[in-house]
Each structure stands twice: as C-alpha cells, then as structure tokens.
Amino acid sequence: MRTHTAGHCRAADEPEPAQPHPYPHPSPSSYPQPYAGRDARPRGPAGALPPRPPVPPLPPHPPVGAWPYALPPEGGAPRPERRSLLVQVLCTVLCVPLLGFGALCCVFSPFATASCDPAGCRALFRAIAVNPCVLLASVLLLAGCWAVPEGRQGRQVLRTLLGAGALAAAVTAVHLYLHLPPPS
C-alpha cells in the first residue's frame, strides 16, 4: 500500500503495482534431478555398464602363533596369582595412611626445634634428619613391591619381602616421629 502524499502515514485504498523480481527465476530444465538409483551411472557403448575396478587381494595370513596372533597357553590366559596381588594390595592399604601421617609429621617437625639453642639439640636434629630418609625408603620399597613382574615363585617371595619392608619402614618412621627426643 502506498502512503498518501497529503499526510503522514495515511494509507491509500489502492494496491501497489506489481514489481519485477530482482533475481531471474531458473527454468525448470536447470533444476537438479532426483537420484535415479543404480542405473544413473554412465554407460558404455551399447548401454553396457563399465567394468568395476578390481578389488585388491587380502594380505597373506601370518602363521599360527606369530605375534600379534599368538594363542594363549594351554588352559587359557595366564592369571596373576591371588596371593601375590593380595600382598601388594594389603601393603599398600596399610602403608599409604602411615606414609601420609609421617609426611605430615615431617612437615611440622621443624617446629619442635624452636626452643633449641644453636649448639644443642643434636639428638633432635639427627632424628628429624633421619625420619624423611626412612619415609623415602618406605615409598621406594612399596614402589618396588608393585614393580616386580609376575613370574616364578622367587618373584612372589621378593614381592612379599619388599611389601613387608615398606610396611616396617613406614611404621618405624611414624614411631620415630612420635618419639622425638626432647630438646636440650
């Protein structure tokens, strides 16, 4: 609708004349054709389909037992022994809280030397210096307990000894921290 020339925003009752569209409309022959299925492929002479490209042959199969196709040993896949895993888990469950408490004591142990004079407290300084070494030894023994690979009976004994040593070192470190010598 056109606005009347005499006033602002007054609409006239006559419609606007038709305007040509600024873009030309495509002809029906230029529309994309729908997918015609398998027969839409280009055909060769006499309407025959062109030959398909050859499929490459499969690689030769490796011999039985070759990596990565090795078969598990007789009786199924090897399983870790339950007792060795039990020793590792038990030592870890018992050592980790002790190591955490020992590390906390290690952080706060220098406050015990506040009342010492520079010439005294040798026993206290020695105990404070030895305890982090015992904690580190316990951590290394526990890591060694988990690092020993599965295998023969001797490895299970070694794993048990490393776990017991880690537990003993953690208990020793906490005992030393709880029984520091008095400042002199």
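Helices (H or I, at least four residues) and strands (E, at least two) are DSSP runs, numbered from the N terminus. On this basis the protein chain contains 3 helices and 0 strands, and from the N terminus on its elements run α-α-α. The model is a predicted one, in which local features need pLDDT of at least 70 and side-chain atom pairs count only at pLDDT 80 or more, while totals for chains, interfaces and linings use all residues. Residues are numbered from 1 along each chain as its sequence is written, and side-chain values use heavy atoms, with hydrogens and water left out.

The protein chain exposes about 14,600 Å², of which carbon and sulfur atoms supply 69%. A residue is termed buried under 20% relative accessible area, exposed over 50%, and partly exposed in between (1.4 Å probe, protein chains only). Of the 184 residues in the protein chain, 19% are buried. Contact denotes heavy atoms within 4.5 Å. Among contacts in the protein chain with a separation of 6 or more, 66% join residues 24 or more positions apart.

The interior was examined next. A nonpolar core is a set of buried Ala, Val, Leu, Ile, Met, Phe, Trp, Tyr and Cys residues joined through side-chain atoms within 4.5 Å. The largest such core has 12 residues, namely C91, C95, L99, C105, V134, L135, L142, A166, A169, A170, A173 and Y177. Two or more residues of this core come from each of α1, α2 (122-147) and α3 (153-178), and α3 gives the most, with 5 residues. In soluble globular proteins, nonpolar side chains tend to be buried together. When neighbours within four places in sequence are left aside, the core residue A166 is in contact with C95, S138, L141 and L142.

The cysteines were then considered. A disulfide is a covalent bond between the sulfur atoms of two cysteines; here a pair of cysteine sulfur atoms within 2.5 Å is assigned as one. The bond joins C116 and C121, whose sulfur atoms lie 1.9 Å apart, and the link is left-handed, with -95 degrees about the S-S bond. C116 counts as buried because its relative accessibility is 15%, and C121 is likewise buried, at 3%. By contrast, C106 is in no disulfide, the nearest cysteine sulfur, that of C105, being 8.8 Å away. C145 has a relative accessibility of 0% and therefore counts as buried. Its sulfur is 5.2 Å from the closest cysteine sulfur, in C91, which is too far for a bond.

C106 is located in helix α1 and is partly exposed, since its relative accessible area is 26%. Beyond its neighbours within four places in sequence, C106 is in contact with P132, L135 and Y177. C106 and Y177 are 71 residues apart in sequence, yet their C-alpha atoms are 7.7 Å apart in space.

A salt bridge is a side-chain nitrogen of Lys or Arg within 4 Å of a carboxyl oxygen of Asp or Glu. L85, V89, L90, V93, L94 and W146 make a nonpolar patch of about 530 Å². Helix α1 (residues 82-108) gives the most to this patch, with 5 residues. V89 is placed in helix α1 and is partly exposed, because its relative accessible area is 38%.

Methods
Patches are made of residues with over 30% relative accessible area and no salt bridge: like charges are joined within 9 Å, nonpolar side chains (Val, Leu, Ile, Met, Phe, Trp, Tyr) within 5 Å. Accessible areas come from the Shrake-Rupley method with a 1.4 Å probe; for residues, only the protein chains shown count as cover.
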